[in-house]
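Subject: Structure handover

Hello,

Here is the structure for you to look over. My notes on one of its contacts follow below.

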Amino acid sequence: MKFLIEIKKCFLSLLSHFFLTAVFLFQSVISTAELNLPDTDIQSNSYLYFQYDAKGKEADGSAYQVLKIRTNNTAKNLSEFDSIEAYCRKSSRPGKQDYMAYRVPVEKLNNEYYVKIKSGNYSIFDVYVSGNYKNNTYVAQTVFYLFGDGLKGSTGKPGLVKLPEYLPVFELTESPQNYWPQTGNEFRFLCRVPEGSGSIKQMIVIIDNKKVSRIFTDRNGKFEYIPAHDIKLNKGGTSSYKEIILLNSINRNGKNYTAAFNLLVHRSRTAFLNVKNGAVLFTVSIIFFTAIVLIKRRTFKYK
Amino acid sequence: MNNKSSRGKTGITEKIFKKTIDEYDCEIESLKKRDDYSPVFDYFLNTIKISLFPENGRKNRVNPLAGILCVQAPPEILHALGVDSIKLCSGSIYAQRLSSDMPVLMCPVLKSLAGALRFHNSAAVSPDCFIIPTSCDWVVKLPEMLNQELPEVHFLELPHIKENEKSQSRWLEEIYGLKDRLETLSGKKLNKRNLRDSIRKFSDAWAEFNMLIEYRRKGILPNIWFTVIANSFLQDDIEKWTEHIDIVLRKYKQDKNESTDSRVFLAGSPVFFPNLKIPLLIEEAGMHIIADDICTCERIFPGAVCCDDMTIHGMLKALSERYHKACICPTFTDNERRVNNILNTAGTNEIKGVIFHVLKGCHPYDIESITIEKKLKERGFKFLRIETDYTKEDSRNILTRLEAFKTTL
Amino acid sequence: MIGRIRIVTQHLMFIFLIYGGRAGIKLGHSLPCFACPYVSGCSGHCYLMALQGKWGFEFAVADLFSYEGFRVLLYFAIFIFLIILLSKFWCGWICPFGTFQDWLAILRKKTGIRESEFSWKTRDGLKKVKYVLLAFLIIIPVLITYAGLHSDFSLPFCQICPAKPIMPLFTGNVDHFALDYTNVITGTFSALSIIIAAAIIVGSFFKDRFFCLFCPMLPLIQLFKKISLLRFEKEADLCSGCGNCHRMCPVDIRKVSDERSNKAVMDEDCILCMKCQESCPEDNVLSLKFLKYRIFLTSRKYFIRNNRS
Ligand code: SF4
Ligand code: SF4
């Protein structure tokens, strides 16, 4: 029964996938004119983004993740930004909307800026850092899981605050392998933009290892993204990963608002499995070993 | 298969044959006069006599008949192939006269057997095949000494070292060889079901036989009758034999344990009907044989075959191992377990004395008596070695020694 | 009798370990038997995985005094406790992979094919294989942690363990029979795993408990033989050397029949299936004791009753 449901689900998701892709392609072909393209190439503009840094376990069993805050513009030093603030939203289950937010201190070490997120249990974290530079506002975002398992349940209760209304901002609405995002997975995002500028397709710039590509949201700001498989990742170990930056930038009243989402993906665990070939190898081996046994079997014949 | 020499002796053979029959009858009569005699033993007394008149035994047997010497050839295989078996062994003193051409020092059992084999030197009554494991030298040379008088001899070469792989697989090969030989003899192919059923039948027989042993241990079943029953193993159909043991068991079921004193263990050379001299003398001296390790008594039936792999190979292997590895015949190189068996049985059954029976000319037992004596005495058991043969002349002498032995217990 | 109790126990344990997780049973990560963690919904995990992974030799010793270090030690302590408690009963009575092999053996018996045999020399030679596997599953994680070996080598034994592809089949998962084309290492491991699984399936069809001859869990359990609460003893003087025990033994142990002086006869390969004890026709030779209580003692009476047609 369960199996049947599984098949049905598979089938439906495949169908919907094809449908959505088709619609998306269609739209992107016919309606380029509508787009509100920024005048300059945003990726050559400045933005703030996260870079994953050390990850590990504390002596008490809680897990931590360090995120480095970086800017793409090497000429611009982070210290020139004002009001760099970090927030974190924590939830216990994917898709659970009872987020609570709290402020996270931004640490500075050797002219580098960090935030460190800790967890004493199994939790999902949305982390935000914002900073202003002249007239522009930048937000760096990312989402990750931590598997804390400590003697203490959590590392102290933070004071809850309201999360600032960043605009634009990415929201990862669906990620199929929650705690282990992989290449080849379909990630769904919702891009919130300031009121009034809705109902237009936004252009998302994706920077994957210096390769730049573009993707367009639909009118509601939704889009899907499937990170391509990467040979380098495949060659790396089980925990090797890459970081993909998704950028969205909006110009309002002469001000630039830029959000940069860091999507961390591992290599795919399932895409390169081939059960059919495995089954063939298995059958051949069974035949081979049976033959060996039958041929090599010691016989007791009276000679 | 009459050849000239035996035809010339026909007159003498006849005479000796008659004497032997008398010897059997006389022994049977005297057994029947005993206080502990009961008609339940008649069957066994009659079957024992069958060996003298194979034609009687074969009357209702259509199957080929194979004679088995010693205890290492598994009768299960014979039974599975529909070959009837008969135990080759003899305790007759008169039969020995027909083998006077053989060495003087020859073991009395084989001397007697050689004589008995000459009674019926015709194909109609003698076994179609002789299965002879090469246990002791006398056994090995017997067919040769009988010189053409045994038509079909199948030797099983008995590996005298038990606990190594080579000898075990060697013996398994011998068992396979036996199977092949019997297949030709019976014209049938060994099949799984028959072999399994045969093993089961023998297991059931062994279970009953084992109860007999237990009854004897408890002092319920007199040793003499136990010996008679054991001696009759394989002389008749195994199921019939089992049934009759069951009858005996039922007779003794109600009896209480008799707390006997002067319990002794009889070890050593074979005791076979009608030569019950030693057990009878021991009884006369007032001692009770509670246990023995004699290959014509307790050890005549190794039993306890069990096997996991119920294929022909698996079962043959089980048989080969059980009849070889568990055998404590003194012809094997290492017989520590034989001593252990005596020690343990004696120890657990309140037996204080061990009487070691050596037939003059039975070298393997003779040789072993030395080491066994030493080990038993070390453990504080009383030990008496009696060397004798089938003649009755030394009976008085032995009785005196036995009586003296009894006082030491 | 014992044989029957054992079969029932094995099946109950199989169901319990393979499907128990679905009923919310969690027995932890320290089971001394092949309760394969790759089976989704299993109720406990084979300790070999913990041992190779981050709760074992992949664990950096420097972190010993931390919560993780505590877990490493805790899992190991539980493992030892379970071994001391039940010793090789884990193998012969509980291990689901052992039960799987017994099914294949039953299949063979049904088809009437005879069991394969090893020569004594080959059999003794095979004893070393499990130590090689044990070394393999210890050294590789250490190399990963300290020498920067590629992390695709992690859980090396699990990756070639035949239970990994086979056991998940019982929950309808065939994924572990797939060739993994991710990279050369995963490709090699997955191919090896499939080939080994095939070899073990064929092997255990023709030979009882074929995999047990190589199982690296056995030496680990054997380590605690001296302090285990379960004892398998022999009164060597009472043995007739009949060899029933050797023949019935699924892993062909000669020690039980050939031992002439020592009391302790649990061989390193013994899986405590008690078949030898059931098949011994002599009184008081072999016994199984739990602490000072005797669980079983061989006797001719039992033998006869057990082998009655
Ligand atoms: S020695 Fe006995 S208990 Fe151990 S595996 Fe062999 S038969 Fe089973
Ligand atoms: S089955 Fe018993 S008597 Fe036979 S060899 Fe084994 S331990 Fe000894």
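A salt bridge here is a side-chain nitrogen of Lys or Arg within 4 Å of a carboxyl oxygen of Asp or Glu. K57(A) and E68(C) form one through their side chains, at 3.8 Å from N to O. Between chain A and chain C the count is two salt bridges.

Some ground rules. This is a predicted model, where local features need pLDDT of at least 70, side-chain atom pairs count only at pLDDT 80 or more, and totals for chains, interfaces and linings use all residues. Residues are numbered from 1 along each chain as its sequence is written, chains are lettered from A in the order in which they are written, and side-chain values use heavy atoms, without hydrogens and water.

Now the contact as a whole (heavy atoms within 4.5 Å). Chain A gives 34 residues and chain C gives 34 residues. Together they bury about 2800 Å², with 62% of it on carbon and sulfur atoms. Buried area is the accessible area (1.4 Å probe) lost by two parts on being put together, summed over both.

Which strand of chain C pairs with β17(A)? It is β1(C), residues 179-180, in the antiparallel sense over two bridges. Strands are DSSP runs of E, at least two residues, numbered from the N terminus. Two strands pair if DSSP finds at least two bridges between them. Within this pairing, L273(A) stands opposite D180(C).

Best wishes

Notes. Helix = DSSP H or I, 4+ residues; strand = E, 2+ residues; numbered from the N terminus.
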